[in-house]
Amino acid sequence: MYAQEVKSTGKAVKSLEEMTPEERVFQTRIDADIKIEPKDWMPEGYRKTLVRQISQHAHSEIVGQLPEGNWITRAPTLDRKAILLAKVQDEAGHGLYLYCAAETLGVSRDQMTEQLLAGKAKYSSIFNYPTLTWADIGAIGWLVDGAAIMNQVPLQRCSYGPYSRAMIRICKEESFHQRQGYDIMMKLVKGTPEQKAMAQDALNRWWQPSLMMFGPPDADSIHSAQSMAWGIKQNSNDELRQKFVDQTVPQATYLGLTVPDPDLKWNEEKGGYDFGEIDWNEFFEVLKGNGPCNKERMEARRKAWDDGAWFRDGLMAHAEKRAARKIAAE
Amino acid sequence: MTADDGFDETLFELALRMGDNALILGQRVSAWCGHAPVLEEDIAMANVGLDLIGQTKLWLGLAGEIEGKGRSADDLAFLRADRAFRNCLLVEQPNVDYAHTLMRQYLFDAWHLPMLTALKQSAEPRVAEIAEKSAKEAAYHLERSSDLVIRLGDGSVESHERMQAALNALWPFTGEFVAPDDVDKAAASRGLGPDLSAIAERYNETTAAVLRDATLSAPADAPVRKGGKEGLHSEHLGYLLSEMQWLQRSHPGAQW
């Protein structure tokens with residue numbers, strides 16, 4: 001989702017017999033559903049996996065501000081402008097909680113930012129698609145935040161305490177985000193023919209990228225098993241994707257919109273929808289940096305960071321002067 | 001100025017001026033969302049923007065009510081032409097960099113708070129009510145922007161230079177807030193708004209103290225640039241409005 005391809009140890013999951021005594025105590029706590037806290041002993045692989053996952057998640061929130069921020073100055077009414085601004089602000093807030101959660105694992109926010117700007121850290125593929133019309137703001141809230149919630153609700157039970165607690169706060173805000181997105185879509189489908197066409201076009205463009213948010217199919221997902229054993233991941237990619245499709249298709253029907261998938265059909269036997277093949281080639285290309293907006297997104301983040309250097313340095317310089325004055329006065 | 005048909009033009013203009021200042025500045029600062037120098041600033045600047053947009057809804061809602069022609073706050077924000085906007089020139093000045101953005105905010109807040117505080121005593125209860133709510137927000141804005149102006153003015157060589165350059169560029173626009181015109185005088189004579197010369201005094205005191213602590217100096221004998229209150233704007237406003245109003249105007253009558 002917001003962390004789509006988190007590298008784990010790359011090794012098979014150890015059985016309790018193969019573990020060292022420390023590992024065994026650790027795994028027993030996880031199996032008993034007791035949270036791991038920053039000062040507890042943890043395997044190096046667990047720590048690294050979490051840092052990767054939480055920082056990817058944080059970066060996704062930060063980069064995720066850009067496609068929606070693109071419409072703040074063009075929002076069609078004062079209410080829509082305020083709601084969108086509040087939503088994008090929430091995302092900055094989510095980024096902040098998550099960076100703080102990752103910092104408890106011994107990595108600083110500046111280090112994580114530098115990794116992102118150097119192209120070494122990933123963020124969700126979804127934010128590399130452009131927001132071309134106002135309906136895209138609706139579609140992002142409805143589909144992208146909808147998919148995010150699907151993945152993040154189980155993360156509230158993540159074995160690592162600080163991450164779990166951050167996710168509890170985030171989930172509360174995400175459900176408001178999804179509702180505002182769906183509300184935009186409702187208004188559009190009840191509006192003029194142009195507005196309805198705008199809504200359908202947005203669904204057409206955001207449907208597949210939203211399904212990709214859950215990550216590659218389970219068969220190709222090499223890092224999942226260890227993460228599941230560690231209680232970092234609770235459900236498989238395909239499980240969550242199926243759940244998302246089953247939840248979203250009736251919502252599209254209610255809107256009077258058509259899901260852009262000719263193979264989509266209800267499967268009575270499994271009690272869920274069958275859906276068409278996802279273009280995984282596109283997904284991997286976007287992850288590699290070849291999506292429609294990868295370049296623009298990274299440029300915008302680099303520009304914010306580089307242009308803001310004087311501001312951060314200025315505040316540091318003032319703090320040093322003030323400290324020096326205080327010492328001089330004593 | 002109350003016309004025979006009951007239209008209170010002075011009150012209408014007062015509400016428009018307050019609303020347009022909030023709207024145009026809110027539009028400017030909201031453009032930073034996702035692009036600020038640090039995450040905490042992204043969040044704080046968005047808060048300021050949200051407060052200003054919220055205030056816009058109240059002021060322009062009141063303006064529409066006074067006008068009595070059925071125009072909503074949205075109609076006034078999204079369907080008025082440049083010359084009908086009543087904001088001071090300062091708030092429409094471009095973001096340029098974060099120094100200009102913060103300095104513009106500070107120079108606005110230093111007027112906004114005493115103005116709203118005075119408006120709490122307005123003879124018009126609807127004005128007093130909006131001022132009551134908005135003054136709390138403006139007090140926080142001023143606290144924040146003064147603090148940053150001081151820290152960055154008295155910060156590194158570069159931050160000092162940038163803040164001074166921003167002050168030089170923006171100072172000429174400050175006079176307009178406190179230079180009374182006929183509308184301001186009419187409002188003051190009816191107790192709807194304050195006597196601007198009292199606000200000017202407060203403004204000069206506050207800014208002098210903060211700029212001194214920031215080791216910045218306001219340019220001496222800078223010309224006063226004004227016109228916005230009467231609808232005579234800088235070239236920047238047209239571009240701001242084209243962006244802000246575009247979607248509404250390209251789908252006439254649509255609901256969003």
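Predicted model: local features only at pLDDT ≥ 70, side-chain atom pairs only at ≥ 80, totals over all residues.
## A salt bridge to start with

Let's begin in chain A, where the side chains of Arg47(A) and Glu44(A) form a salt bridge, with 2.9 Å from N to O. Because these two residues sit 3 places apart in helix H2 of chain A, about one helical turn separates them.

For chain B, the mean pLDDT is 97, and 98% of the residues reach 70 or more.

## Other salt bridges in chain A

Over all chains, the count comes to 34 salt bridges. One of them joins the side chains of Asp40(A) and Arg29(A), at 3.2 Å from N to O. This pair links distant parts of the chain: Asp40(A) belongs to the loop between H1 and H2 of chain A, while Arg29(A) is in helix H1, 11 residues apart. Asp40(A) is partly exposed, with a relative accessible area of 24%, and Arg29(A) is partly exposed too, at 26%.

Glu23(A) sits in helix H1 of chain A, which covers residues 21-31. Why does Glu23(A) count as buried? Because its relative accessibility is 17%, and the cut-off for buried is under 20%. The side chain of Glu23(A) makes a polar contact of 3.2 Å with the side chain of Lys14(A). A polar atom of the Glu23(A) side chain also lies 3.0 Å from the backbone nitrogen of Thr20(A). Leaving out residues up to four places away in sequence, Glu23(A) touches Lys14(A) and Trp41(A).

Gly64(A) lies in the loop between helix H2 (44-63) and H3 of chain A. At 1% relative accessibility, Gly64(A) counts as buried. The C-alpha atoms of Gly64(A) and Arg297(A) are 9.0 Å apart, though 233 residues separate the two along the chain.

## Where chains A and B meet

How many residues does each chain bring to the contact? Chain A gives 47 and chain B gives 49. Together the chains bury about 4,100 Å², with 68% of that on carbon and sulfur atoms. Leu78(A), Trp310(A) and Phe311(A) supply 20% of the area that chain A buries against chain B, more than any other three residues.

Across this interface there are 4 salt bridges, and one joins the side chains of Lys57(B) and Asp79(A) at 2.5 Å, N to O. There are also 17 residue pairs in polar contact across the interface. On the chain A side, elements giving two or more residues include helix H3 (65-69), helix H4 (78-103) and helix H13 (309-329). H4(A) provides the largest share, 14 residues. Sorted by class, the side of chain A that touches chain B has 24 nonpolar, 11 polar and 12 charged residues.

Conventions:
Residues numbered from 1 in each chain as written. Chains lettered and ligands numbered in written order. Heavy atoms only, no water. Contact = heavy atoms within 4.5 Å. Buried area = accessible area lost by both parts, 1.4 Å probe. Polar contact = N/O pair within 3.5 Å; in protein donor to acceptor, adjacent residues only side chain to side chain. Helix = DSSP H or I, 4+ residues; strand = E, 2+ residues; numbered from the N terminus. Nonpolar A, V, L, I, M, F, W, Y, C, P; charged D, E, K, R; others polar. Buried < 20%, exposed > 50% of the residue type's maximum accessible area, 1.4 Å probe, protein only. pLDDT = per-residue confidence, 0-100.
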